[in-house]
Each structure stands twice: as C-alpha cells, then as structure tokens.
Amino acid sequence: MRTEPAMMKLRTLLPLSLLFLCIAGAVADDSVVAISVDEIHADASTLEGQRYISTGQPSEETLSLAREAGFVAVIDMRTESEDRGFNEAAAVSALGMEYIQLPVAGAQGTTFENAAALDDILAGIDGPVLMHCASGNRVGALIALRESANGASADDAIAAGKAAGLTRLEARVTELLTEQ
C-alpha cells in the first residue's frame, strides 16, 4: 500500500510537468521576430520572452536594454564600411554580451552560405540573441534562406523572412528559392 501515495503523487506531478514543458517550449520558440528600435525604447518588455529578435541598427541604449532583458549575444550583419555611430563591438563586450559579425553585403551577400553560417552561429549560442543590420532586411533575408535550407516550403520561408524583417530583398530571396 505504500506505492499508492507514490502513484498519486506521480499522477499529480506528471500532467504538471508536461504542462511546464509545453509552456517552456513555447517560450523557447526559435522564430525570429522583427522589433523596431523605437518599439524597444517605448516598451522594453517587447524583448521579454523572445529567443531571437531582428532590428535595425541599435544604439548603445538599445543594447543596454537588450542586456537587461537577458540577451547574451548580438549578431551584426552590417559590413565593416557601414557607420554605426559608435564602436558597437566594444559596447556589446562592455555589457558582457558576445559580439559576432556576419557581414552581409546586400543582395550579393544574401546567400545560402551566409544562411548556413547564421545557422551555425545560432546553434552555438545559449540564450536570447539580437540580430541586426541597418533595417532588419538582411536579417529577414537570411532567416528565409535558413528556413528553406531547414526544410520549409518557399511560402513558409518567405513568411518567416518577412516576420524577421525581410522587405527589399524579397525578390532576391524568391529567386534563390526557385533556383534551389
């Protein structure tokens, strides 16, 4: 009869454990959400619960808000020649986050190779990541290609790219998806 109380506990705890895993899985969603810098400054809670966000060029204050929200890394997709207005690598490092540069030179840099590089980078980061270029467009383009490479249909890949900020590079992404 000693096993009956143990079974009762198991019957009670098992559904709760499964519920927790489902909730945790929802929070750990791997989709990339585009959030504008203005949205972050107006309400920094837009960062809460996000695993990956895409945005335009962040300021030092934006980076600080991201760090306060628990972000651990910043992936900068701007090229070396693009002016950021400050030393972003130093600012990110000073905040204790990892700074990773993955330069994407517009349409020419919108490639499956860069999407695979992004996939490899993201796989090596344990925690929330802020990804940016000047507007979020290049981030969205690589996300679309990444989704396609990971088995998504062309329509689903484009939708994921748009959710991550894809705009002007959509024609290039569509071209690459149809060539595949």
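Leaving aside neighbours within four places in sequence, Met131 is in contact with Val32, Tyr52, Ile53, Ser54, Thr55, Ile75, Met77, Leu118, Leu122, Val139 and Ile143. The model is a predicted one, and the points below start from the largest nonpolar core, to which Met131 belongs.

**Nonpolar cores**

- The largest nonpolar core holds 30 residues, of which Ile75, Met77, Leu118, Val129, Met131, Leu142 and Val173 touch the most other members.
- At least two residues of this core come from each of strand E3 (73–76), helix H6 (112–123), strand E5 (129–132), helix H7 (137–149), helix H8 (154–163) and helix H9 (170–179), and H7 contributes the most, with six residues.
- Another core, of 14 residues, lies apart from this one and includes Val74, Phe86, Ala91 and Val92.
- In soluble globular proteins, nonpolar side chains tend to be buried together.

- E3 runs parallel to strand E4 (residues 98–101), to which four bridges join it, and the bridge partner of Ile75 in E4 is Ile100.
- From E3 the chain crosses through helix H4 (residues 88–94) to E4, in a β-α-β crossover that is right-handed.
- Four bridges also join E3 to E5, and these two strands run parallel, with Asp76 standing opposite His132 in E5.

**Helix H9**

- Val173, Leu176 and Leu177 are buried in H9; seen down the helix axis, the buried residues of H9 fall within an arc of 100 degrees, so they line one face of the helix.
- These buried residues of H9 pack against H6, H7 and H8, whereas the face turned away from the buried side carries the exposed residues Ala171, Thr178 and Glu179.

**Thr62 in helix H3**

- Thr62, which is found in helix H3 (residues 60–68), is buried, with a relative accessible area of 0%.
- Not counting residues up to four places away in sequence, Thr62 touches Val37, Ile40 and His41, and the side chain of Thr62 makes a polar contact with the side chain of Ser59 at 2.9 Å.
- Thr62 and Ala44 are 18 residues apart in sequence, while their C-alpha atoms are 8.9 Å apart in space.

Key: Residues numbered from 1 in each chain as written. Predicted model: local features only at pLDDT ≥ 70, side-chain atom pairs only at ≥ 80, totals over all residues. Heavy atoms only, no water. Core = buried A, V, L, I, M, F, W, Y, C linked by side-chain atoms within 4.5 Å. Buried < 20%, exposed > 50% of the residue type's maximum accessible area, 1.4 Å probe, protein only. Contact = heavy atoms within 4.5 Å. Polar contact = N/O pair within 3.5 Å; in protein donor to acceptor, adjacent residues only side chain to side chain. Arc of directions from axis to C-beta. Pairing = 2+ DSSP bridges. Right-handed = clockwise from strand over helix to strand, strands pointing away.
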